[in-house]
Amino acid sequence: MDRITRVSIVGMGALGVLYGDFFARTLGPEQVTFLADRERVERYRDATVYCNGRGWKFTVRPGDEPDRRGPAQLLIFAVKATALEASVPMVRNQVGKDTVILSVLNGITSEAVIGEILGMEHMLYCVAQGMDAVKMGNELTYSHMGQICIGIPGHEPWKEAMLESVTELFERTGLPYTREPDILRRLWCKWMLNVGVNQTVMVEEGTYGTVQKPGPARQTMKAAMAEVVALAQREGIQVTMEDLDAYVDLIDSLNPDGMPSMRQDGLARRPSEVEFFAGTVIRRAEAAGLDVPVNRELYRRIKEIERR
């Protein structure tokens, strides 16, 4: 595969801007392109976006318009899960035979959604974790960039060259990453984290600090995560209570004034990703014959917030 020198990003939310800023600084701004529908292209064409005080006027192009330089080399999906199904077909013209696709969305289903439309042969599995990015309007701030955990499932060894091309890019640019021997387990671990912290902070209308101190909110977060541990084990994924404790430690290391994306959605009065968190837990637990009362209650409360 050719050396990756260009990065295309779908989604100009917190993670999209975080990675756009990083690759613009390390590869050059001309090597970073945001892809969007034509309405958003007009809205963002001359807009300045700030990341920790750095102002960028990123290149924003219609997703359905082929790039004169050729197909995308690395295509990163960083949209909200609620917008994924609409955004994937839009970029079909950007995908060539050597295009590598990463999804940094929360949850455990986005790779399948993208792969069904654009081809699973392009997909690498990854998890973006440990960041405390908060985006309000056109300004993103963060103190922890976090890292990308990346890998290939055991049944797809033929994707090794794709993985090497992406990790070479990460090494060259200094992007923090870990190569995971069991990436599906890591995907479930990050989902467990999101199920706990994102939903609890949203219903408590708080920040990371809300769940970093002892009390009912922290207990709810850990109980919701424990239900994911039980579900993972029922589905043959080796997530353990030790993993739960490690991810609680990660939460405790974040800026207490920061907040997860779900809480940011609540403040902005946007639909949340509850269907990809508690909704998915509930549906899969029913199929597995498990009871998940904490996630059922979180689902109920978040739906009530959204109705308001």
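Predicted model: local features only at pLDDT ≥ 70, side-chain atom pairs only at ≥ 80, totals over all residues.
Q: How many residues apart in sequence are arginine 185 and glycine 236, and what is their C-alpha to C-alpha distance in space?
A: Separation along the chain and separation in space are read side by side. Arginine 185 and glycine 236 are 51 residues apart in sequence, while their C-alpha atoms are 9.6 Å apart.

Q: At what angle do the axes of α6 and α9 cross?
A: One reads the approach of the axes together with the crossing angle. Helix α6 spans residues 183–204 and helix α9 residues 241–252; their axes come within 10 Å and cross at roughly 55°. That angle makes α6 oblique to α9. In handedness, α6 passes α9 in a right-handed crossing. From α6, the contact is made by Arg185, Arg186, Cys189, Lys190, Met192, Leu193 and Val197, and from α9 by Asp243, Leu244, Tyr247 and Ile251. Sorted by class, this contact of α6 with α9 has seven nonpolar, no polar and four charged residues.

Q: How is the crossing of α6 with α11 described, and which residues make the contact?
A: The axes of α6 and helix α11, residues 278–288, come within 10 Å and cross at roughly 120°. The two helices are therefore oblique to each other. Trp188, Trp191, Val195 and Gln199 of α6 meet Ala278, Thr280, Val281 and Arg284 of α11. The contact of α6 with α11 has five nonpolar, two polar and one charged residues.

Q: Is the crossing of α6 and α12 left-handed or right-handed?
A: Angle comes before hand in this reading. The axes of α6 and α12 come within 10 Å and cross at roughly 45°, and the two helices are therefore oblique to each other. The crossing of α6 past α12 is left-handed. Its contact residues are Val195, Gln199, Thr200, Met202, Val203 and Glu204 of α6, with Asn295, Leu298, Arg301, Ile302 and Ile305 of α12. By class, the contact of α6 with α12 has six nonpolar, three polar and two charged residues.

Q: How many cavities of 30 Å³ or more does a search of the whole structure find, and what lines the largest cavity?
A: A cavity is read through its volume and its lining. The search finds one cavity of 30 Å³ or more, and the largest cavity has a volume of about 50 Å³. Its lining consists of Leu105, Asn106, Gly107, Cys126, Val127, Leu187, Lys190, Trp191 and Asn194. The lining of the largest cavity has five nonpolar, three polar and one charged residues.

Terms used. Residues numbered from 1 in each chain as written. Heavy atoms only, no water. Axes fitted to C-alpha atoms, helices over the stretch in contact; angles between N-to-C directions. Helix = DSSP H or I, 4+ residues; strand = E, 2+ residues; numbered from the N terminus. Parallel < 35°, antiparallel > 145°, perpendicular 65-115°, else oblique. Left-handed = near helix turned anticlockwise from the far one by under 90°. Contact = heavy atoms within 4.5 Å. Nonpolar A, V, L, I, M, F, W, Y, C, P; charged D, E, K, R; others polar. 1 Å grid on protein atoms, 1.4 Å probe; cavity = no way out; pocket = protein on both sides within 12 Å on 5 of 7 lines; lining within 4 Å. Points joined across faces, edges and corners; volume = space filled by probe spheres on them.
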